[in-house]
Protein chains: 2
Amino acid sequence: MITLTAFRLVPPFAQGQVRDLRVRWALEAAGFPYAERLVGAEDLQTDGYRALQPFGQVPAIEADDGLRLFESGAIVLHIAEGCPALMPADANGRARAAAWMFAALNTLEPPITEFARLDFFHAGEAWAAARRPGALAAAQKRLAELADWLGDRDHLEDRFTAADLLMTTVLRILRRSGIVNEWPAFEAHQERREARPAFRKALADHLRPFATQPEEELANERGDPSGGEPATPPP
Amino acid sequence: MITLTAFRLVPPFAQGQVRDLRVRWALEAAGFPYAERLVGAEDLQTDGYRALQPFGQVPAIEADDGLRLFESGAIVLHIAEGCPALMPADANGRARAAAWMFAALNTLEPPITEFARLDFFHAGEAWAAARRPGALAAAQKRLAELADWLGDRDHLEDRFTAADLLMTTVLRILRRSGIVNEWPAFEAHQERREARPAFRKALADHLRPFATQPEEELANERGDPSGGEPATPPP
């Protein structure tokens with residue numbers, strides 16, 4: 001049995017975006033049952049939590065066999081390695097899936113996140129307005145290269161893998177910006193993947209705790225009093 | 001036999017920083033012989049190259065068994081999986097190493113790269129000066145959390161793994177900024193790792209092609225005429 005750490009409170013902009021969604025999706029696709037451990041911002045600073053997640057983020061998992069694991073990419077990879085629905089059986093196919101997992105998180109996500117943060121966390125700041133065209137161009141460049149690769153393919157490789165799962169969650173960051181909609185192929189991909197039963201179950205479970213959030217607690221969560229980067233990615 | 005793709009020409013700021021260094025280090029540590037395929041900026045735009053590396057970056061590898069692989073993190077993981085010197089034998093130890101590999105490339109590298117790019121690619125621009133304190137704080141926050149985790153440890157976990165290798169190359173990005181020097185523990189870590197014979201051999205082989213670069217070609221490589229992000233990380 002796996003216990004997954006996720007947020008108890010999330011402001012509306014981050015609902016459907018926090019990285020526990022990736023892990024829930026992988027667990028559903030693999031058919032692995034799991035328990036939730038919901039935490040708040042106050043828990044992330046404790047020594048106990050930092051022993052589990054050194055950067056004070058979610059998600060993390062704890063397993064009955066003693067494994068404690070952090071980083072959504074590594075958790076999804078670990079789950080996928082035990083699940084034929086998320087990873088090919090042959091060594092080269094597994095290596096190719098891992099390549100696209102790293103591409104999603106190291107080549108696509110950084111420019112996408114830098115761009116998305118300008119609008120959400122720095123709207124109205126003069127530097128952000130000046131940076132916006134360059135950040136947009138950097139994100140668009142990677143999206144265009146991804147679209148060129150995909151062409152008419154249904155998946156990043158010849159079948160659905162954990163890499164398609166991660167890439168879908170990365171492209172979700174741009175959904176509200178309208179950038180994804182500029183490539184109809186992306187939007188069709190996103191819709192097809194988000195229609196999968198495992199995604200829908202994962203999203204519903206991710207959102208469930210937030211339905212009962214008091215308004216005043218949401219207001220407190222909105223800013224980041226430490227001045228650091230938020231633990232949750234922007235929409 | 002593996003063939004590794006690397007740059008034929010690199011401007012001085014990027015020498016010792018391009019990501020083929022990571023792969024060369026892993027190959028040396030594993031004792032795997034390899035051949036080089038040196039490419040220039042003009043090669044990266046071709047359909048043939050994009051079939052190997054969809055984002056027009058280096059490194060990529062081609063193996064005799066037909067495997068073609070991109071993303072430095074995925075290539076290093078693939079090499080490490082066949083090498084006891086880079087990866088523990090037990091499943092949980094391997095998962096922990098993968099967690100730190102993703103942490104290096106998805107939690108540390110993005111804020112470090114965003115900060116480093118301000119000084120190198122946008123020096124003198126007003127928005128970059130305004131953004132600099134926030135970007136520095138974001139990078140420092142992650143470095144402080146990493147330092148807290150490391151404490152007196154020699155490695156990220158209980159032995160050297162491919163994750164220490166990747167983290168070392170990420171922290172090298174900050175070397176010239178002086179930020180790493182603010183934590184003596186980091187500097188000691190870096191020096192110990194960079195004294196390893198496999199690193200020294202990898203660095204020498206990475207630098208060798210650049211010794212004969214003509215000055216005028218360096219000048220051409222300095223800017224990025226496409227307006228996109230450079231394929232090489234900043235110093």
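This is a predicted model: local features need pLDDT of at least 70, side-chain atom pairs count only at pLDDT 80 or more; totals for chains, interfaces and linings use all residues.
Q: Which elements of chain A supply the side that touches chain B?

A: At least two residues each come from α2 (47–52), β4 (68–70), α3 (72–81), α4 (91–121) and α5 (126–150) of chain A. α4(A) gives the largest share of that side, 15 residues.

Q: And how many residues are in contact across the two chains?

A: 46 residues of chain A contact 46 residues of chain B. About 4,300 Å² is buried between the two chains, and carbon and sulfur atoms give 61% of that area.

Q: Which residues of chain A lose the most area to chain B?

A: Phe55(A), Phe102(A) and Trp127(A). Together they make up 17% of what the chain A side buries.

Q: OK, symmetry. What rotation superposes chain A on chain B?

A: A rotation of 180°, with 0.0 Å of shift along the axis and an RMSD of 0.0 Å. That is how a two-fold axis relates its copies. In chain A, the C-alpha nearest the axis belongs to Trp127(A), at 2.1 Å.

Q: Do the copies meet through the same surface or different ones?

A: The same surface, because 100% of the interface residues of chain A are interface residues in chain B too.

Q: Switching to the inside: which residues have the most contacts in the largest nonpolar core?

A: Trp100(A), Leu146(A), Trp100(B) and Leu146(B), in a core of 130 residues. In soluble globular proteins, nonpolar side chains tend to be buried together.

Q: What does Trp100(A) touch?

A: Leaving out residues up to four places away in sequence, Trp100(A) touches residues of both chains. In chain A they are Leu146(A), Trp149(A), Leu156(A), Glu157(A), Ala163(A) and Met167(A). From chain B, Trp100(A) touches Pro54(B), Phe55(B) and Phe70(B).

Q: On phi, what about Glu71(A)?

A: Its phi is positive, near 75°, and Glu71(A) is not a glycine. Glu71(A) is in the loop between β4 and α3 of chain A. Over in chain B, Glu71(B) has a positive phi too, about 75°.

Q: Is Glu71(A) buried or exposed?

A: Buried, with a relative accessible area of 4%. Glu71(B) also counts as buried, at 4% relative accessibility.

Q: Last one: where is Asp65(B)?

A: In the loop between β3 (60–63) and β4 (68–70) of chain B. Asp65(B) counts as exposed because its relative accessibility is 54% and the cut-off is over 50%. A polar atom of its side chain lies 3.0 Å from the backbone nitrogen of Leu67(B).

Q: How far is the C-alpha of Asp65(B) from that of Met1(B)?

A: The separation is 8.6 Å, though the two residues are 64 apart along the chain.

Notes: Residues are numbered from 1 along each chain as its sequence is written. Chains are lettered from A and ligands numbered from 1 in the order in which they are written. Side-chain values use heavy atoms; hydrogens and water are left out. A nonpolar core is a set of buried Ala, Val, Leu, Ile, Met, Phe, Trp, Tyr and Cys residues joined through side-chain atoms within 4.5 Å. Buried means under 20% relative accessible area, exposed over 50%, partly exposed in between (1.4 Å probe, protein chains only). Contact means heavy atoms within 4.5 Å. Copies are superposed by least squares on the C-alpha atoms of residues with pLDDT of at least 70 in both. Buried area is the accessible area (1.4 Å probe) that two parts lose on being put together, summed over both. Helices (H or I, at least four residues) and strands (E, at least two) are DSSP runs, numbered from the N terminus. A polar contact is a pair of N or O atoms within 3.5 Å; within protein, one must be able to donate a hydrogen and the other to accept it, and residues adjacent in sequence count only if both atoms are side-chain atoms.
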